[in-house]
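Biologist: I am new to this one. Could you show it to me and take my questions in turn?

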Amino acid sequence: MKKLFLIALCCITIVTASAKSEPIDPKYGVGAVKVNSVGRVEFSEDIELPQSADLSKFYQHIQTWIKGRFTQPNVIKGEVLSENSESLRITMRVKQNLIFKNTALVTDMSKMNYNINFAIIEDGSKKLCRITLTDITYLYEEEREGGGISFTAEEWITDKEAFNKNKTKFLKATGKFRIATIDLFEQIVTQTGEAIKTL
């Protein structure tokens with residue numbers, strides 16, 4: 001039933017979107033959403049740390065910052081799933097609002113759940129903070145009768161699901177989720193990088 005609803009939603013919005021579609025920014029284009037070896041959507045980025053960094057002390061600092069970061073206004077809930085001071089890893093499960101459009105007349109948004117992992121590691125001669133975002137799900141139009149529609153990133157924002165057949169245009173229903181999710185991960189990486197500079 002869910003699949004039928006999603007297909008119908010796509011069919012309705014393709015017609016309205018096709019005439020107005022603009023060229024796709026390469027930032028969001030084919031290949032921007034990676035699928036890992038087990039078929040799950042996974043975003044990952046490394047931030048290089050100073051060579052002089054004491055990794056244990058750095059982990060303690062970034063651990064504190066992370067817990068504060070996921071209390072921002074759009075975050076509904078951020079809870080620590082695991083943290084390990086020996087392996088220098090912390091994983092949080094986050095529920096937040098993903099806002100597509102917000103005006104005086106229209107608010108278009110979705111609930112989004114995801115796991116975000118921060119690992120302080122050494123890779124060869126480099127010291128890194130590796131950020132990985134996985135296990136993404138969405139709940140859209142929660143106010144609808146029946147509680148809205150839920151779906152996974154694998155069903156919605158991959159290259160296969162987000163574009164038209166020729167991969168030249170976004171489907172309106174799925175494209176906005178892809179764009180907003182990519183922007184969210186980029187924001188987290190940028191803010192983590194800025195926090196690292198202050199440590």
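Biologist: How many salt bridges does a search of the whole structure find?

Modeller: Keep in mind that this is a predicted model. A pair counts when a side-chain nitrogen of Lys or Arg lies within 4 Å of a carboxyl oxygen of Asp or Glu. Searching the whole structure on that basis, the number of salt bridges is ten.

Biologist: Which residue meets Asp183 in a salt bridge, and which other residue is linked into their network?

Modeller: The side chain of Asp183 meets that of Lys27, at 3.1 Å from N to O. Asp183 sits in helix H5 and Lys27 in the loop between helix H1 and strand E1, 156 residues apart. The network of salt bridges links Lys27 and Asp183 with Glu186.

Biologist: Arg40 forms a salt bridge with Asp135. How many residues apart in sequence are the parts it ties together?

Modeller: The closest N and O atoms of this pair are 3.7 Å apart. Arg40 lies in the loop between H1 and E1, and Asp135 in strand E5, so the bridge ties together parts separated in sequence by 95 residues.

Biologist: Is Asp123 buried, partly exposed or exposed?

Modeller: Asp123 forms a salt bridge with Arg130. Its relative accessibility is 44%. Buried needs under 20% and exposed needs over 50%. Asp123 therefore counts as partly exposed.

Biologist: How are H2 and H5 oriented to each other?

Modeller: Their axes come within 11 Å and cross at roughly 135°. Roughly antiparallel would need over 145 degrees, and roughly perpendicular 65 to 115. H2 and H5 are therefore oblique.

Definitions and conventions
Residues are numbered from 1 along each chain as its sequence is written. This is a predicted model: local features need pLDDT of at least 70, side-chain atom pairs count only at pLDDT 80 or more; totals for chains, interfaces and linings use all residues. Side-chain values use heavy atoms; hydrogens and water are left out. Axes are lines fitted to C-alpha atoms, for helices over the stretch in contact, and angles run from 0 to 180 degrees between N-to-C directions. Helices (H or I, at least four residues) and strands (E, at least two) are DSSP runs, numbered from the N terminus. Angles under 35 degrees count as roughly parallel, over 145 as roughly antiparallel, 65 to 115 as roughly perpendicular and the rest as oblique. Buried means under 20% relative accessible area, exposed over 50%, partly exposed in between (1.4 Å probe, protein chains only).
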